[in-house]
Amino acid sequence: MKKLIFTTALATIVFGLQAQKQKITTTDTFKVSGNCGMCEKRIEAAASKVKGVDKADWDAEKGIMILTYDLGETSVESVQKAIAEVGHDTEKVKADDKVYSKLPGCCQYNRL
């Protein structure tokens, strides 16, 4: 009987741990400032380096990032910070002026 109770308890713990590790994927969109294909590569690369990001697709014409990520590993805010660190303003995070000024001329956009 003790063996059955122990086995049941162990199985419950194992299944509970596996349930906690399940990926909770979501997709969000937000604005990112930029101009060209070089911007697109830089923006998408910065977003993709954030742990938990599954897909980062920036539309240069619309200036919109479509981000698919694991809610348990990252947040939109973390991704926006990473993008700002490479010189591109987002809806919530402005890039440092020194970083922005180092962008190639074609990548420097009108800042508000």
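Helices, at least four residues long, and strands, at least two, are DSSP runs numbered from the N terminus, and the exercises below use these names for a model that is predicted.

**Exercise 1.** Work out in which order the three strands of the open sheet stand, and which strands are at its edges.

*Solution.* Begin with the order, which is β1-β3-β2, with antiparallel pairing. β1 and β2 each have a single partner strand, so they stand at the edges and one side of each is left without a neighbour in the sheet. Neighbouring strands of this sheet are turned by 15 degrees against each other on average, direction ignored. Looking next at one pair, β1 and β3 are joined in the antiparallel sense over seven bridges, and Thr27 stands opposite Thr68 in β3.

**Exercise 2.** Describe how α2 and α3 lie relative to the strands, and find what follows α3.

*Solution.* Take α2 to begin with: this helix lies across β2 and β3 and runs at about 160 degrees to β2. Then turn to α3, which lies across β1, β2 and β3 and runs at about 45 degrees to β1. Within α3, the buried residues are Val76, Val79, Gln80, Ala82, Ile83 and Ala84, and they pack against β1, α2, β2, β3 and α4. After α3 comes Gly87, whose phi is positive, near 105 degrees.

**Exercise 3.** Identify the residues with the most contacts inside the largest nonpolar core.

*Solution.* This core has 22 residues, and those with the most contacts inside it are Phe30, Met65, Leu67, Val79 and Ile83. Two or more residues are given to this core by each of α2, β2, β3 and α3.

Key: Residues are numbered from 1 along each chain as its sequence is written. This is a predicted model: local features need pLDDT of at least 70, side-chain atom pairs count only at pLDDT 80 or more; totals for chains, interfaces and linings use all residues. Side-chain values use heavy atoms; hydrogens and water are left out. A nonpolar core is a set of buried Ala, Val, Leu, Ile, Met, Phe, Trp, Tyr and Cys residues joined through side-chain atoms within 4.5 Å. Buried means under 20% relative accessible area, exposed over 50%, partly exposed in between (1.4 Å probe, protein chains only). Contact means heavy atoms within 4.5 Å. Two strands pair if DSSP finds at least two bridges between them. Axes are lines fitted to C-alpha atoms, for helices over the stretch in contact, and angles run from 0 to 180 degrees between N-to-C directions.
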